[in-house]
Amino acid sequence: MPKDPYLSSPNLAVANYQFKKKKESDLSNIMDEYRRREVNIQRLPPVIYLESVAGCPFSCAMCKPLATKPQRVSSSLLKKLEPAFANLEVLAIHGQGEPLLADLEYFVRQSLANNFVLHMDTNGLLLTDEIADILLKTRLSIRFSIHAGRPETYYRIMGVDLNKVKQNIRRLVTRSRNAPGNHDFWFSFIVMKENIQEVEEFLLLSNECGIHNVRFMHLWPNHDTLKGVTIRGLNFKYSEQSGNRIKDEFKANLPRYKMTANELGITIEWGDAGKYDHSPIRYWNELANKVSSRVGNRWIFPLVPQKGFCAAPWLGQLTVKFNGDLLLCCTSSIILGNLYHSSLEAIWYGPQMTRIRQSFQKGYFPHECGYCRGFGLNNYPNNSFVNYKR
């Protein structure tokens, strides 16, 4: 069979160049719609979160206290999403499962073909050298869940060996130095009663692993932590682990944390730690929202719309669950539609998303957002949207 001349390397280079220029132009137009707060937008989201695996072999106190059998997302759901990949700047492949158990070769191929950042959240325990080499072919972004500074605390919270996790991450960082591309690795730390005494040890651990970006996060409640769980001898309850006392202690010691970070060359970034009201009223309102979202697919509180803005209705963080349900973002449990019953386009351009954008255009959070205070460009991976001010 004669060789297709179009597939020769010079033609491929031209095609790749043209593809990247078109993506840059499309992204520029999306950013214009975002800045103008356009209600009727013309383009699909550049950020999608996909639950690539349902089920996790780990048992984290603040997430899922019982390990569950992992299952990969179906090929039929991936086929429904694939047309949107060409528009992506970021594809996140985590959710309620462990992303390192996903079909990583498939997602790496899609990332290379469509030039998007492949992002995931993992504890890194399953990160072998072989997996690292596969992932490092892409524009890779990994948020490592490191919510402690000491191995014994990490085991109580996460149920795995921190020393093994540390070894895996150090090897990845070392291998990344000889890999092409712009990679983004950072540690996350959920501030709570169980670990607040270990913040400086966490910073030292980050430096030891070669990670120079850390992000402090707020503990989000779920069905298990609201009622309380006992795991590995730890009694873990949202109302005890996250409150104004914890928030105040963190803020009081923040200057010392910043001094340590500066000495180590570590940049502190912020998820949502310190930005939230931890009052008892908030606690019960969140519990009521969890119940109402299950029963009527809506949140009740806050009763009065709160002022603010979020990038998600324009730039994405649209979340695709394992069963095809589509959520506004990773913090919302309100279902916008299902990809087995409707198309991504129909949902993204549909009446509910239009109403959500109208609310933000007026300067108010819609009910779908509950108590979330919104996302900005700083919430996306550092190796994404690189030409835009955060």
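A pocket here is an open set of points on a 1 Å grid over the protein atoms alone, with protein on both sides within 12 Å along at least five of seven lines, and its lining residues have an atom within 4 Å of a point. The model is predicted, so to speak of local features takes pLDDT of at least 70 and side-chain atom pairs count only at pLDDT 80 or more, while totals for chains, interfaces and linings use all residues. Residues are numbered from 1 along each chain as its sequence is written, and side-chain values use heavy atoms, with hydrogens and water left out.

The second largest pocket has 20 lining residues, with Lys23, Glu24, Leu27, Glu89 and Asn115 nearest its centre. By type, the pocket lining splits into 9 nonpolar, 4 polar and 7 charged residues. Nonpolar covers Ala, Val, Leu, Ile, Met, Phe, Trp, Tyr, Cys and Pro, charged covers Asp, Glu, Lys and Arg, and polar takes the others, Gly among them.

Turning to cavities, these are sets of grid points where a 1.4 Å probe fits but cannot get out. The second largest cavity is lined by 14 residues, and Cys310, Leu328, Cys329, Cys369 and Cys372 sit nearest its centre. That cavity lining comes out as 10 nonpolar, 3 polar and 1 charged.

As for the whole protein chain, 55% of its 390 residues are buried, meaning under 20% relative accessible area (1.4 Å probe, protein chains only). The C-alpha atoms fill a box of roughly 70 × 50 × 40 Å along the principal axes.

Definitions and conventions:
Buried < 20%, exposed > 50% of the residue type's maximum accessible area, 1.4 Å probe, protein only.
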